[in-house]
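Student: I have this one open and would like to go through its details with you. Can we start with how the helices pack?

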Amino acid sequence: MDLRVDQPLWLLLLIPIGFYFLWTWRKDKKIFKREGKVVFSIRILAILCLILGITNPYLLLPIKEEQVLFLIDRSASLQGTDKQITEWVDESLKSKKMSHLVGVYTFAENFQTEVALTTGEVNLPVFTPMSDPSNTDLAKALQLSTGIIEPNKATRIVLFTDGIETIGSVSDEIVKIAGGNVTIDVVQMARLSSEDVAITSFETPPVAFEGEQQQLNVTLDATSEAVAELLLYQNDQLLTREQINVEPGTNTYTFRNASKGEGLLKYEVQVVLAEDGLIENNKLTSVTNVESSPRLLIVTHDGNSSNIATVIDQQAIKTDVIDAGVLPFDLSNYLSYDAIIFDNVPGHVVGEQKMMVIEQAVKNFGVGFMMVGGKNSFGLGGYFKSPIERLLPVEMEIKGKQQLPSLGLIIVMDRSGSMSGTKLEYAKEAAARSVEMLREGDTLGFIAFDDRPWEIIETAPLNDQETAVESILSVGTGGGTEIYTSLALAYENLSPLKLQRKHIILLTDGQSATNNDYQTLIEGGKEGLITVSTVAVGQDADRSLLESLAEMGGGTFYDVQDESTIPAIMSTETAIISRTYIEDNPFYPTIFGDAAWTNLFAEGVPQMNAYIATTPKQTASVVVESEKEDPVLAEWMYGLGRTIAFTSDSTGEWSGDLARWANWGDFWNTAVSRLLPAYSEVPFSIQKSSDESFTVTDPSGKSSFLDVAVVNEKGEEVSVTSEAIAPGKARVTIDSEPGLVFFRISNEQDAVYQAGISVPYSEEYKIQKPNTAILEMITSRTNGKMLTEPSEAFREMELSSSEKQSIQQSLLLLAIFLFFIDITIRRFGFHLLLSPFKRFGKKAEPVNTTTTYVGKLVREKKKR
């Protein structure tokens, strides 16, 4: 038993009070009678009880219960050890006593409870899968473990780990634990022996010139002798495949490559081993910036001829022409170009995902972008509300809506179970965009079907776009697929309406449960001027049926393999029926703006035939304008990149005399030169630190502040934490998966630098031995032990368990009682306090009333 206090500072009150009582005793002790001394002692005792009471005193009473926590590292570096650990714990539990509370917890980057602290029987379950085994946070695991236990009970944590930590600092956490009521024992673990080859380093030159022999260095670590295959890629194209003999330990290989590309080139190396222990450590990427003449990418589609490549200066600008269908998904492939031109390219061939990557290339890395008109571009190309529309200087909406034809549109969309996931989300987004393109008063209907039609929006004039969009976005998945009844309902709703244009868009990914007479249905609809277009999504759609429906219904059939193209398809369909986009009256344009443009037209302005109507954005610069004040050529800056919209075409069919004009070649060369990045590059340095952060520095010393943006290969902006540590120097932490990311660094002087940085796989996946030094530090500082036998987990603990028993209330009551006695003695005298005891000690004697009366008279006489 031990007496302790929680608030010992109150004991300082004893110093002035002690002086007071000492002074009082010296001053009055000669006049103190017996009662005074008793009162003085009682008062001292009461004050002592009162002061001790307010310090929150308690007694530590010994108890028998002790706590044992099994804390198990289940990160990637210990993959496959679950069974071994489970057997060890089961064996140790045979030594468990009734007084032991036992809990089992697992961790990697996060912390999980497998068995909560209990005195009952412990049956180890199959461990819960770890959400993120690619990192180990020992410090966090120990911190949460010590928060679970009861601090008054002696506790032993049995830690199963290899001591490899990739996050946090366990040494800092041990400082907080040491000296407490917790000891930590360690069972040193190691990855089960298996054949493993890991790429530990892949180095390419940061800067090179086109045609230069670049040296590529690859370093591998291997656990044993093996035959493997090494693959080397440049921008996702295989450069070399080589069989290698790997020796135990470190292996180094060197390759040489003369790149024909320019810009940021992504190199990737992979190693393939038949019986590989871990595949996560088999790949690394690196980036080389190849400097050469500017590169231009011209994108066309379906054999559409583009005259741009034939008229620009091929000596100064290297040009690639590709079909939109083979546009890449990865950002690195776009960053190898300085500018991109879409020449009459439909949006549904490109898709939302590629558009988003292109937007990032323009916004954050200064790649120029230009859209050239034609029947498949701008509003007719399905770019409404797309990432491409965001970066262009014009909007797809047009003016003069009061002159447009009256319209009825019904969207018939599959909501069966097979549409669940991204297909349904893209389809709903596409339908919502179609609604946003309609005018107020246009007729709209929306039917979602599974094994029956569900009329989500009844066919009626559109009065509230926002409510209609919310209704569409709220649709969930259902059961089977029945097309005919839903299509028939759409025809039934549109037929009686007196409208100039009536159109149905049918979207499905399956086959109808029944076959009906579609031909009679559609032929009857033609009499009411109803057209129908169909969209087949995925491999399971009934393409032959949908294609025939579109052909009979006078619409278009779309075969969709990439779900992200659905919004562009729906926008295209809505645009075609709801707008008169093509302005095909010959006109002489008006020229404005920059001298780079206006000087081309110094000798006159050629006549043009047609263009696609758009609306300029508020801050756009309109260079060429039609007689109807529509933009024909407009430009602006979008982030770091310049974008241009040319709403006529490149073939001469729409551009008319402009294509036969003497300055036609200069027109396109001017456009390309304005698209090329115009920022000045500063070679900022990017160094990776041991804590996985990056230090960005301006070695020129001209920067005060640095702005850093990071984008991954998919075009997604990566979360960045930037901390300024000095002028022109910042510590940057990014949250990204392993792979390639792209840094865009700028300063207050508009100097910009871009670089590709490889984010390697976690340290967890490296071939490495357990960190015995950390494990020994943990045990030594917490008075623990490196365990070798399971029974040692429940050996006798040197620490003791105790339970707090507060005595504050008792001391305060005693102080009150003593004060009561003090008051009683001083008020009535000591004999009154003892009178009850005297009565019990003697018999009461009869009172002689006469004597008492005579004695009183004598006393009165003496007073006189």
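Predicted model: local features only at pLDDT ≥ 70, side-chain atom pairs only at ≥ 80, totals over all residues.

Student: Which residues make up α4 and α5, and at what angle do their axes cross?

Tutor: Helix α4 covers residues 138–148 and helix α5 covers residues 170–177, and their axes come within 8 Å of each other while crossing at roughly 25°. Angles under 35 degrees count as roughly parallel, and α4 and α5 are therefore described as roughly parallel to each other.

Student: And α14 with α15, what is the hand of that crossing?

Tutor: There α14 passes α15 in a right-handed crossing. The angle between α14 and α15, the latter being residues 543–552, is about 25°, and their axes are 10 Å apart, so that α14 and α15 are also described as roughly parallel to each other.

Student: Switching to charges, how many salt bridges does the structure hold?

Tutor: The structure holds 29 salt bridges. One of them joins the side chains of E436 and K385, with an N to O distance of 2.5 Å. E436 sits in helix α11, residues 422–437, whereas K385 belongs to the loop between β19 (368–372) and α10 (387–391), so this pair ties together parts that are 51 residues apart in sequence.

Student: What about K423, which partner does it have in a salt bridge?

Tutor: K423 forms a salt bridge with D509, and the closest N and O atoms of the pair are 2.8 Å apart. K423 lies in helix α11 and D509 in the loop between β24 (501–508) and α14 (518–527), so the contact ties together parts that are 86 residues apart in sequence. As for burial, K423 counts as buried at 16% relative accessibility, and D509 counts as buried at 3%.

Student: Moving to the nonpolar side, which residues form a patch on the surface?

Tutor: L9, L12, I15 and F19 form a nonpolar patch on the surface, and together they have about 470 Å² of accessible area. Of these, F19 is placed in helix α1, which covers residues 14–28, and F19 is exposed, with a relative accessible area of 58%.

Student: Now the backbone. What is the phi of F378?

Tutor: F378 has a positive phi of about 50°, although it is not a glycine. F378 is placed in the loop between β19 and α10, and F378 is buried, with a relative accessible area of 0%.

Student: Where is E629 found?

Tutor: E629 is found in the loop between β31 (621–625) and β32 (631–638). The phi of E629 is positive too, at about 65°, although E629 is not a glycine. In contrast to the buried F378, E629 is exposed, with a relative accessible area of 52%.

Student: Last topic, distances. How far apart in space are I569 and V535?

Tutor: Their C-alpha atoms are 8.3 Å apart in space, and I569 and V535 are 34 residues apart in sequence. I569 lies in helix α16, residues 566–578, and is buried, with a relative accessible area of 1%.

Student: And N307 to T619, what separates their C-alpha atoms?

Tutor: The C-alpha atoms of N307 and T619 are separated by 30 Å, and the two residues are 312 residues apart along the chain. N307 itself lies in the loop between β16 (295–300) and α6 (308–311), where N307 counts as partly exposed at 27% relative accessibility.

Notes: Residues numbered from 1 in each chain as written. Heavy atoms only, no water. Salt bridge = Lys/Arg side-chain N within 4 Å of Asp/Glu carboxyl O. Helix = DSSP H or I, 4+ residues; strand = E, 2+ residues; numbered from the N terminus. Buried < 20%, exposed > 50% of the residue type's maximum accessible area, 1.4 Å probe, protein only. Patch = residues over 30% accessible without salt bridge, like charges linked within 9 Å, V, L, I, M, F, W, Y side chains within 5 Å. Areas by Shrake-Rupley, 256 points an atom, 1.4 Å probe, with all protein chains shown as cover. Axes fitted to C-alpha atoms, helices over the stretch in contact; angles between N-to-C directions. Parallel < 35°, antiparallel > 145°, perpendicular 65-115°, else oblique. Left-handed = near helix turned anticlockwise from the far one by under 90°.
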